[in-house]
Amino acid sequence: MGHPWKSKGKKRTVVWGQEQPEEVLQYLRDMQDAVRYALQVAYRTTLRDEERRLPSPIALRREVRGWFYSRYDYARHHINPVCRTAVAMLRSYRKNHHGELRIPEVKRLAMRIDGELFKIVECKVRITMQPNNYVWLPVNTCNKNYQEYSKGRPSELLITDTKVCLTFIIRDNAVKPLGDRLVAQDLNFKSVDSTKASLSSSQSSLTSVDTQPLKEIVRIQNDFSRRRRALQRHVKNPKKRLQKLRETRGRQRNRVKDALHKLSTKTVRENPDASFVFEDLRGIRKTSEEAKRSRKLRMYLNRWPYRMYQSMVDYKSDNRTVYVSPRGTSSKCPVCGGKLEHPVWAVSRCVRCGVDYDRDRLASLAILCRGLRLCGQPFAVSADASWQHMRHEYLHPSAVPDSWRAGWIDHAASAPNPDAYTKIRV
Ligand SMILES: [Zn+2]
């Protein structure tokens, strides 16, 4: 179920006996009734269909939701497993009875609970019954496999009147092989900058660098921030405003997620033989002291898409993804090890190299170098022939002598102090 990329990895389930509280038992009885109702609807829909096709769970949900929402005040997501269960039961009944279709009996008090509706908090399973109303079930942490399995991502929860089954997806990252190439990506609000390199035991070398603009995502983000500003200005009722803002944020999240799916699928397809290298953004929230100082880190905190993009690529790629420390990727020159200055945001100036680099491209090179080191292939940039070849592609446009005059108008805004430039450029 769910997105195909979600189910990569092994599933492991922990089961334990559980005497359910009355609230859960009532819930199970209600869901049993709901499945019975959904079965009838699905059955009638199937008979009406000329080819006797079963409805999809989503089509069934359209038919059932009026009844469901008027009857129960459970969180709205609870309708999804009901419809999936009903369709699955009809399908297996037909399969087991040589194509004959009848409404099967719902005997068991059991319900599968979607990932959106439960969470594991401090050794307890928290199930959302209604928005802001939870049922807490203790997890049997004595189960001999729990410690190991719970390192994975909780994916499914099945509760019956007597037991609980909790399934985890084990991300078996170490098992994926390393690719033949490395693609190091620096993620920014407006672009993804990639430096690619071939990986070989004798001599690794740079192969290309490119900048891919994130037009679609920038457009969505700007669109929504405009909409939010309008809401803040025009909706006077604070309660209603909060509600509207929350809705807008949810919609924005979905649109960005969709765009990220497309982008990550495309990127992985274009580099089937490569391992991706990213900055490790996990747990970055904790280093708030550093975040106060670094603009980029601060930006990351608010921009969950970076992390989401990384995990999508990680799941979709057949090769192992390498994560490197993000510390100092924009303060230390990957070419000579000197200190970088940023006269303006887009420029990384290395006094020792004596040039202005494109900040984002240079950052992707820094990430690549760290990735190569992690793969046991230390890489001396300045001594490498491929670097000499590609060096000009890493320069900031205003630092390339030929385009200096031509690009002057464009880059005037990002070069507030031309005197400083000429001093450095000699
Ligand atoms: Zn340098």
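Two residues are in contact here when heavy atoms lie within 4.5 Å. This is a predicted model, in which local features need pLDDT of at least 70 and side-chain atom pairs count only at pLDDT 80 or more, while totals for chains, interfaces and linings use all residues. Residues are numbered from 1 along each chain as its sequence is written, and side-chain values use heavy atoms, with hydrogens and water left out.

**View 1. Ser 191 and its surroundings.** Strands (E, at least two residues) and helices (H or I, at least four) are DSSP runs, numbered from the N terminus. Leaving aside neighbours within four places in sequence, Ser 191 is in contact with Asp 186, Thr 211, Gln 212, Pro 213, Leu 214 and Asp 360. Ser 191 counts as buried, at 9% relative accessibility; buried means under 20% relative accessible area, exposed over 50%, and partly exposed in between (1.4 Å probe, protein chains only). The side chains of Ser 191 and Asp 193 make a polar contact at 3.0 Å. Such a contact is a pair of N or O atoms within 3.5 Å; within protein, one must be able to donate a hydrogen and the other to accept it, and residues adjacent in sequence count only if both atoms are side-chain atoms.

**View 2. An open sheet of five strands.** Follow the strands in the order β10-β9-β8-β11-β12, with mixed pairing; two strands pair if DSSP finds at least two bridges between them. β10 (205–213) and β12 are at the edges with a single partner strand each, so one side of each has no neighbour in the sheet. Strands β8 (residues 181–187) and β11 (residues 274–279) pair in the parallel sense over four bridges, and Arg 181 stands opposite Ala 274 in β11.

**View 3. The zinc site.** Which residues are the protein donors of the zinc ion? They are Cys 333, Cys 336, Cys 350 and Cys 353, each through SG, lying 2.1 to 2.3 Å from the ion. Donors are N, O and S atoms within 2.8 Å of the metal (3.2 Å for Na, K and Ca); water is not among the atoms, so sites may look incomplete. In sequence, the donor residues are spaced C-x2-C-x13-C-x2-C. Cys 333 lies in the loop between β12 (322–324) and β13 (340–341) and Cys 350 in strand β14 (residues 347–350), so this pair ties together parts 17 residues apart in sequence. Cys 333 is buried at 3% relative accessibility, and Cys 350 is buried with a relative accessible area of 0%.
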